[in-house]
Amino acid sequence: MKAAALVLLWPAAAAAADCGATLGEADVRRIERPRYTLAFRPEPAEFELGEVFRLRIVLCGRAGAPAPDLVRLDAWMPEHGHGMNYAPLLSREADGSWRADGMVFHMAGRWEITFDVGTPSRTERLVAEEAVE
Amino acid sequence: MSIARRRLAAALGALVLLLLPGPATADLSPEERTRILRHGPWPPPWRPDGGNRLSGDPAAAALGRALFFEPRLSADGAVSCATCHRPELAWTDGRTRSVGLAPMDRNAPSLLDARGRRWLGWDGASDSLWAASLRPILEPGEMGGTPGRVAALLREDEHLSALHRALPARAAPEDETGLAVDAAKALAAFQETLVSRRTRFDRLRDGLAAGRPDAAAGYPADALRGLRLFVGRGNCSLCHAGAAFSHGEFEDVGVGYFLERGRVDPGRIGGIDRLRASPFTRLGRWNDGGDARPTRHLVARHRDFGLFRVPSLRGVAATAPYMHDGRIPTLEAVVRHYSEIDEERLHADGSRLVRPLRLSAGEQADLVAFLRTLTPE
Ligand SMILES: [Cu+2]
């Protein structure tokens, strides 16, 4: 029943807090914008130094707006001025969500994940901060 | 017990604590403790390499051991793996740069703990221990062998072919390349048994983890000061991270990449090229399985030029000389290098991970004393 309701609501009208409910109960991060919400969850849920992980990402429109596309995704350490040594591969799932495979945080400290959201010609950058021990 | 006796017992207890040999760990901050704990436990749990179906197999390790000391793998019949990886020299050759059939550009690393590495070679040109074991056999200036030569040994030499027949699963097809790959996988199974022993540092670290007040008993006071520098102001743990004291990736610490006569060692950028040109990777048909994602997602960037793999520091006191080209003779000189690092030499654009630390003579000695506790006595 719940799944059916989600399908009906998604993607245009899901409330911000529900965005990414399909990603799981815990560890879902959300970035709210006036017209859409980006929700993502790492797999495995904990960032382990040097281990390969993937992100699952959902974009939901708000206030009647359509959900934008995820155009690009990357990560870097702002204090050190370097990024990852691996290129994430972005792909789209059948349910409209996204996944980014093959990411590695190879150094402990503060990482920023950047999501370029919109259309290939016009994107807005969202930034999520993560700490790696 | 009377009150007087109890007082006496307490006083004696305090005296015992005072007399315990070794520095106190009480003044380590919680942050320092956390950072120190991340350098263990040792040894780490081991999982067989899914890319090598002979991984962890004792029969394969027996064949691998025989092949490791076998000079007939080389073109002139005189160079074996043990020429450059000598057991009595912590599996190095003690030279600045190795000499096989021809002089090489790099220093021979120890093979201890090689089983835990994602990238092998100073430039990470191999993505598995078995591929890193095939490369030296086939490299013209190193052993100059061929798959045919390896195959002939496994087929015709009585002792080696008996060891080969004892393998649980042999190559299919048993053509020359298949047999050479099997030999490399057996060499890998042998090297998987080379694990460095626990050290004084590990005893300190595990004592801290267990919350023992006498964790530092027997640990030298100068080494403890050096450890605090290592995880603190020295910033060494950033790259020399985790239980293996390496994050396993590639960095620039201003050692330089010029060889004689204007030649350069391109480091990681060349390693990525060599990896991609090789049929013997985790993406190739000779690999048996396992996790190929790092190889698949690897990117080459301009900044990879002149980067070298962060070496493990376990056992480091036994593996002089140091750095990818062996240009630094002693640990004292390595620490001096970090103290006085020439920022002009740092070429990787953007990142600033090392700066001249300007350590006092005492601090340099402390850091060296710490590094020595990473080597079993
Ligand atoms: Cu960094």
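A: **The sheet and its surroundings**

In chain A, five strands make up an open sheet, ordered S1-S2-S3-S7-S6, with antiparallel pairing. The edges are taken by strand S1 (29-32) and strand S6 (89-92) of chain A; each has a single partner strand, so one side of each is left without a neighbour in the sheet. Neighbouring strands of this sheet are turned by 20 degrees against each other on average, direction ignored. Such angles rest on axes, which are lines fitted to C-alpha atoms (for helices over the stretch in contact); in general they run from 0 to 180 degrees between N-to-C directions.

Strands here are DSSP runs (E, at least two residues), as helices are (H or I, at least four), numbered from the N terminus. Two strands count as paired if DSSP finds at least two bridges between them. Strand S3 (residues 52-61) and strand S7 (residues 98-104) of chain A pair in the antiparallel sense over five bridges. Phe53(A) stands opposite Met103(A) in S7(A).

This is a predicted model, in which local features need pLDDT of at least 70 and side-chain atom pairs count only at pLDDT 80 or more, while totals for chains, interfaces and linings use all residues. Residues are numbered from 1 along each chain as its sequence is written, chains are lettered from A and ligands numbered from 1 in the order in which they are written, and side-chain values use heavy atoms, with hydrogens and water left out. The predictor gives the complex an ipTM of 0.90 and a pTM of 0.92.

Chain A meets chain B: 21 residues of chain B are in contact (heavy atoms within 4.5 Å) with 19 residues of chain A. The area buried between the two chains is about 1,700 Å², of which carbon and sulfur atoms give 53%. Buried area is the accessible area (1.4 Å probe) that two parts lose on being put together, summed over both. Across this interface the rule finds one salt bridge, a side-chain nitrogen of Lys or Arg within 4 Å of a carboxyl oxygen of Asp or Glu. The side chains of Glu133(A) and Arg38(B) meet in a salt bridge, at 3.5 Å from N to O.

Chain B itself is assigned domain 1 (20-43 + 197-256 + 306-372) and domain 2 (58-191), with bounds from an automatic or database domain assignment.
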